[in-house]
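Hi,

Here is the structure I promised to pass on. Have a look at it first, and then read my notes below.

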Amino acid sequence: MGGGTEAFPDLGRHCQHSECKQLDFLPFNCNGCRKVFCLEHRSYKSHECPKSDDKSRRVVVCEICSVSIETTGCNEDAERVVLLKHEKSGDCDPRKKKKKKPTCAVKRCKEILTFSNTCTCKTCQLKVCLKHRFPADHACKKYHPLQYM
């Protein structure tokens, strides 16, 4: 289906969505179904593209070594093949399994310690979250309240 106006017949294209057919001067080409769409129908979801998953990226995690592997497509068989290839490559090592992230040392506090929210107590050298940064908040063993007055 062509586009344009009487003066410029090659300008723009009509949206190929079944209920739209709007003339768009800056049309979008779908990389899944290869059809032309207007701004409103350019997303896979809006025009119900049958080939939307062909180009999508997914990440699978190796259960042995916890490495993340990026794949394309949604086929589960393809994901299994990628995981098998990873296992046979020699890069899959259970000893390289990611360690647990450090958490606050205060009992019942599950805050994960990161670069920006970790404090080291100057008195007892304990690493705690910002909420427990004061000696009285983390039951500091070397803390004496009169010492700070």
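Helix α1 covers residues 76-88, so to speak its 13 residues, and spans 19 Å from the first C-alpha to the last. That is close to the 18 Å expected at 1.5 Å a residue. Please keep in mind that this is a predicted model. Just after α1 comes Gly 90, with a positive phi of about 95 degrees.

Read from the N terminus, the order of elements is β-β-β-β-β-β-α-β-β.

Of the 149 residues in the chain, 26% are buried. The accessible surface amounts to about 12000 Å², and carbon and sulfur atoms contribute 53% of that. Among contacts with a separation of 6 or more, 14% are between residues 24 or more positions apart.

Now to the cores. The largest nonpolar core is made of seven residues: Cys 104, Val 106, Cys 109, Leu 113, Cys 119, Val 128 and Cys 129. One of these, Leu 113, has a list of contacts beyond its neighbours within four places in sequence: Pro 102, Thr 103, Cys 104, Thr 118, Lys 127, Val 128 and Cys 129. Another core lies apart from the largest one and has five residues, including Cys 15, Cys 30, Cys 38 and Cys 49.

Best wishes

Technical notes. Residues are numbered from 1 along each chain as its sequence is written. This is a predicted model: local features need pLDDT of at least 70, side-chain atom pairs count only at pLDDT 80 or more; totals for chains, interfaces and linings use all residues. Side-chain values use heavy atoms; hydrogens and water are left out. Helices (H or I, at least four residues) and strands (E, at least two) are DSSP runs, numbered from the N terminus. The expected span of a helix is 1.5 Å times one less than its number of residues. Buried means under 20% relative accessible area, exposed over 50%, partly exposed in between (1.4 Å probe, protein chains only). Contact means heavy atoms within 4.5 Å. Accessible areas come from the Shrake-Rupley method with a 1.4 Å probe; for residues, only the protein chains shown count as cover. A nonpolar core is a set of buried Ala, Val, Leu, Ile, Met, Phe, Trp, Tyr and Cys residues joined through side-chain atoms within 4.5 Å.
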